[in-house]
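I opened my notebook to look up salt bridges and a pair of helices. My entries follow the model.

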Amino acid sequence: MIRRIALLCLALSVPTFAQTTLNGAGATFPYPMYSKWFSKYHDAHPDIQFNYQSIGSGGGIRQVLAGTVDFGASDGPMSDEQLAQAKIKILHVPTVLGADVPAYNIPGVTGELKFTQEALAGIFLGKITSWNDPAIAKANPDVKLPNDQIIVIHRSDGSGTTYIWTDYLSKISLDWQSQAGKGTSVKWPVGLGGKGNEGVAGMIRQMQGSIGYVELVYAVQNKITYGSVRNAAGEFVKASLDSVTAAAASVKNMPADFRVSITNAPGKDAYPISSFTWLLIPAQSKDAAKGKIIADFLSWMVDDGQKMTADLTYAPLPESVVTKVKAEIKQVR
């Protein structure tokens, strides 16, 4: 009995720490990176928990505007119109660099295909409908392409990955720009929809003859073949840490609000469907304690967090951007 009382007293004497949960929602494009960061930060700060819902950039923007989350995430920057709807200032904090890749499942073709701008636009416009079409075959003379129908897979949800893809197509194809345009959601001329990068990757794996766009890490993790893309300099470049970094280097003057596009970047080494991705952070949190935690996390992210990016095939922020982000973080409270 005395021993049980002693144990109870000991238990009561151990200090308990209040758990703070930060709720966020948005992009699937950087989800593998964010998941790792949130886990590592929690390991170092057990009293802080992140609850991030990977629902797509469109959902992240809607929720941060509605004030139902502590932060949002998007691969496509918010528009001027969306920012005007915000009740408080929303900051775009760049986190990492990634790439959309053309991923495919073609019977009998296991090697890397080369895609020209014309071929990609034609496929997603529904004008190129078979894999042995001359527009594809000409760039791949050593590949025996089947006379199989092309099945286009695209996102069904509001998506920053879609924003990046359609931003690129709008720059390289006047037909695409006039018929579909760019956005987190567009009216697709052709194809089947999958939810999230996970959904699109799953559909490509299951459907022979299919092609879709996913963030690089989803192609790598799901062992889906993806091709190289001819860039603005006329070179066929495959997505990689170096080629995405080369695309980022094209930004000579980063806008003060970090809303910038690096698709179809100049330079022979630049992968043309690259992008920054952003956390959408209210400059003033409803809860001052949470604002302080978010600011501390962002500081950790641009220092320790950047060292973890390569393992998940994301490229770290350029040092010049890191310096500007550190100054931006000072606004968060």
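Entry 1. I started with D296, which is partly exposed because its relative accessibility is 32% (buried is under 20% relative accessible area, exposed over 50%, partly exposed in between, with a 1.4 Å probe and protein chains only). D296 and K292 form a salt bridge, N to O 2.8 Å (a side-chain nitrogen of Lys or Arg within 4 Å of a carboxyl oxygen of Asp or Glu). Both residues lie in helix 12, four residues apart, about one turn of the helix (helices are DSSP runs of H or I, at least four residues, and strands are runs of E, at least two, numbered from the N terminus).

Entry 2. I noted that this is a predicted model, where local features need pLDDT of at least 70, side-chain atom pairs need 80 or more, and totals for chains, interfaces and linings use all residues. Residues are numbered from 1 along each chain as its sequence is written, and side-chain values use heavy atoms, without hydrogens and water.

Entry 3. How many salt bridges are there by this rule? I found 14. E118 pairs with R230, the closest N and O atoms being 2.9 Å apart. E118 is in helix 5 and R230 in strand 10, 112 residues apart. R230 is partly exposed, because its relative accessibility is 23%.

Entry 4. I checked K182 and D167 next, a salt bridge at 3.6 Å, N to O. K182 lies in the loop between helix 8 and strand 7 and D167 in helix 7, so the pair ties together parts 15 residues apart in sequence. D167 counts as buried because its relative accessibility is 3%.

Entry 5. Last, I found D80, D257 and R259 linked in a network of salt bridges.
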